[in-house]
Every structure is written in structure tokens, then in C-alpha cells.
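Me: I have just opened this one and would like to be walked through it slowly. Could you start with a single residue and then widen the view?

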Amino acid sequence: MRAAIQGLRQFSLVATTTADDVLDQGQLIQITGTTTIEARLPDRLRVTVDNDKQKRVYIYDGKTVIQYAPALDLYATFPAPGSIVETV
């Protein structure tokens, strides 16, 4: 997949995810969701994580990373390097 993506200037992908989580009482639960990645190389990225536990949006604009939690109406920002590769 890396070779296919390397030649692209922009791309998006959607992944359906499933994770197991063990509660404090030892009960096993499955958390399902969707992760969407949209990128425009070298310096634009948006990742949306939407699952049974949380929804988060991460945005990178070439200078700053923003993390947003819509249900809580909270966000955080921090400075980042000039490319997706350097940031991730």
C-alpha cells in the first residue's frame, strides 16, 4: 500500500475498526467504529475517529495540530513541524 500512496498528492481512506476492551470487572467488550483519513501532501491532514467510546477530529494545517472532541465541545492545539511525515 505504501508504494501506491507514495505517488499521490492527495488521498482519503476509510477504515472500519474493532477493538477489545477489558472493563475493571474483567468483562470483555468490543468497541466498533470508523476512522477516516484525508490527506493532501505534504502539509494537510484530517483524521476523524468515531467509535462507541468517543469521537475525535484531528486537523493538521502545516503549522498546527488541532484535536477536537465534539461531544465535549473541547479542543487542544499545539505547534507542529512543516510536513505530515515530520509531525506523525
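**A first walk through the model**

Reply: T64 counts as partly exposed, because its relative accessibility is 25%, where buried means under 20% relative accessible area, exposed over 50% and partly exposed in between, with a 1.4 Å probe and protein chains only. This is a predicted model, in which local features need pLDDT of at least 70 and side-chain atom pairs count only at pLDDT 80 or more, while totals for chains, interfaces and linings use all residues. Residues are numbered from 1 along each chain as its sequence is written, and side-chain values use heavy atoms, with hydrogens and water left out.

Me: Ok, and which strand is T64 in?

Reply: T64 belongs to strand 5, which covers residues 64–69; strands here are DSSP runs of E with at least two residues, helices are runs of H or I with at least four, and both are numbered from the N terminus.

Me: What does T64 touch, leaving aside its neighbours within four places in sequence?

Reply: With those neighbours set aside, T64 is in contact with I59, T77, F78, P79 and A80, contact meaning heavy atoms within 4.5 Å. As for T77, its C-alpha atom is separated from that of T64 by 6.7 Å, although the two residues are 13 apart along the chain.

Me: Switching topic, which residues make up the largest nonpolar core?

Reply: That core has eight residues, namely A39, L45, V47, V49, Y60, V65, A80 and I84; a nonpolar core is a set of buried Ala, Val, Leu, Ile, Met, Phe, Trp, Tyr and Cys residues joined through side-chain atoms within 4.5 Å. Strand 3, residues 44–51, gives the largest share of this core, with three residues.

Me: Is D73 buried or exposed?

Reply: D73 is exposed, because its relative accessible area is 57%, and it is found in the loop between strand 5 and strand 6 (74–79).

Me: And the whole thing, in what order do the elements run?

Reply: From the N terminus on, the order is α-β-β-β-β-β-β-α. The radius of gyration is 15 Å, well over the 12 Å that the globule rule gives for 88 residues, so the protein is more spread out than a compact globule; the radius is taken over C-alpha atoms, and the rule is 2.2 Å times the number of residues to the power 0.38.
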